[in-house]
Amino acid sequence: MHKGDISMRKVRASIIGFGSVGRGVAEVILQKDDELKSLGIDLDVVAIADSRGAEINTEGIDLNASLARKSETGTVAIEDLTGEYVIRNVDHDLVIETTPTDIETGGTGLVNMLAAFENGRDVVTSNKGPLTLKYQELMKAASEADCKFMFEATVGGAMPIINLVKGTLAGNEIMSIEGILNGTCNYILTRMMEEKASYEQMLAESKELGIAETDPTYDVEGIDAACKLVILSNSIFGQNATFQDVEVTGITKITPESLALAYDEGYVIKLIGEVRKDRLRVSPRLVPASHPLAVGGTLNVASVRTDLAGTVTVAGRGAGSIETASAILGDVISIYRE
């Protein structure tokens, strides 16, 4: 089959939220244009919005210019318009929603996703907040509008879990999923053990390296991992869970002594998230040093226990703008490839 034999599908997209993930998406679209076309997808970004405004070009935005402007001026804005305005008023097919996560209210992300479905637009997102709070409502809105809604990037960055279960492992009954779903915590615990150093010292190091946020509460208290469990519980086990349903303990009380003691016995301490039909739990647990879940550094890992395939374990980079953009691109391709 020659390249010319593929029928091209024109897809017009907006990127709503142009922080590190939104910019990562723009970079990946530029980098992978030929691969997308070879799959029959002609993707044009027709609008980009950040917190200060928007840029719209129905012929297709010059992404290199937008990225340059964002890094020079701190905004992509040419017009004083909100993301919601763009979603409702610019004619396009796909909203790539990458605004910051807000697990208190769902934030602008929730408003944007509902606006997209009201206007018949597909949504691919990396934003955990809306899915943690209003999963069933969003799925219902998408389904009623006959829109696609994909969110692989909300759970494991570049590490596929949702699409693995729904695609490759379709037909299996999933008994449980457990794993390390927060790279920041994994990095801190790994370094505490390597350096025999305190939690405070290694938190400071991870902030310097940009691995931990300035306010690392979501990560170190286990909140980020808990949100990911809620999304897995709802999307894979068909539950209607919210953050309140998760038992959560973070890593702030772990000492170098407890890590050393565990190590002497052949164990490592990891922040493990576990999801079953009847239980959602995030807590520090002892993991045998030779176990597949005992990955180091900022890696994420998940073990999916099934009835037919046994236990399938995947590991990958759970954070990072390009890694997260990789999951977003995978979702876009699975919606539109011929």
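Visitor: Leaving aside its neighbours within four places in sequence, which residues is Lys228 in contact with, and what makes a pair of residues count as a contact?

Guide: In this predicted model, Lys228 is in contact with Lys128, Thr154, Val155 and Leu181, once the neighbours within four places in sequence are set aside. The word contact is used because heavy atoms of the two residues lie within 4.5 Å.

Visitor: Why is Lys228 called buried rather than exposed?

Guide: The relative accessibility of Lys228 is 6%, and a residue is called buried when this value is under 20%, so Lys228 belongs among the buried residues. Its place is in helix α12, which runs over residues 223–237, and the UniProt annotation "active site", from an unreviewed entry, covers Lys228.

Visitor: What makes Lys128 count as buried or exposed, and which residues does Lys128 touch?

Guide: Lys128 has a relative accessibility of 13%, which again has to be set against the limit of 20%, and therefore Lys128 counts as buried. Not counting residues up to four places away in sequence, Lys128 touches Thr101, Thr154, Asp224, Cys227, Lys228 and Ile231. Lys128 lies in helix α6, and an unreviewed UniProt entry carries the annotation "binding site" for Lys128.

Visitor: How do you know on which side of α3 its buried residues lie?

Guide: The buried residues of α3, a helix of residues 63–73, are Leu63, Ser66, Leu67, Arg69 and Lys70. They cover an arc of only 165° around the axis, and that is why they are placed on the same side of α3. The face turned away from this buried side carries the exposed residues Ser71 and Glu72. What covers the buried residues of α3 includes α1 (20–31), β2 (41–50) and β3 (53–56).

Visitor: What makes Ser66 a buried residue, and which residues is Ser66 in contact with?

Guide: Ser66 has a relative accessible area of 0%, and since buried means under 20%, Ser66 is called buried. Leaving aside neighbours within four places in sequence, Ser66 is in contact with Phe18, Ile48, Glu55, Ile61 and Val76.

Visitor: Why is Asp62 said to cap the N-terminal end of α3, and what is the phi of Gly74?

Guide: A side-chain oxygen of Asp62 lies 3.1 Å from the backbone nitrogen of Asn64, and a polar contact asks for a pair of N or O atoms within 3.5 Å, so the distance meets the limit. Just after α3, Gly74 takes a positive phi of about 85°.

Visitor: How do you know whether Cys185 counts as buried or exposed, and how far apart are Cys185 and Asp219 in sequence and in space?

Guide: Cys185, in helix α9 (residues 183–195), has a relative accessibility of 1%, and because the limit for a buried residue is under 20%, Cys185 counts as buried. Cys185 and Asp219 are 34 residues apart in sequence, and their C-alpha atoms are 6.5 Å apart in space. Not counting residues up to four places away in sequence, Cys185 touches Asp219, Val220, Ile251 and Leu271.

Visitor: What makes the protein chain as compact as a globular protein of that length?

Guide: The protein chain has 14 helices and 12 strands. Its radius of gyration is 20 Å, close to the 20 Å that the globule rule gives for 338 residues, so the chain is as compact as a globular protein of that length. Of the 338 residues, 53% count as buried. Among contacts between residues at least 6 apart in sequence, 69% join residues at least 24 apart.

Definitions and conventions: Residues numbered from 1 in each chain as written. Predicted model: local features only at pLDDT ≥ 70, side-chain atom pairs only at ≥ 80, totals over all residues. Heavy atoms only, no water. Buried < 20%, exposed > 50% of the residue type's maximum accessible area, 1.4 Å probe, protein only. Helix = DSSP H or I, 4+ residues; strand = E, 2+ residues; numbered from the N terminus. Arc of directions from axis to C-beta. Polar contact = N/O pair within 3.5 Å; in protein donor to acceptor, adjacent residues only side chain to side chain. Rg over C-alpha atoms; globule rule 2.2 N^0.38 Å. UniProt positions renumbered as here; feature names shortened; annotations may be inferred.
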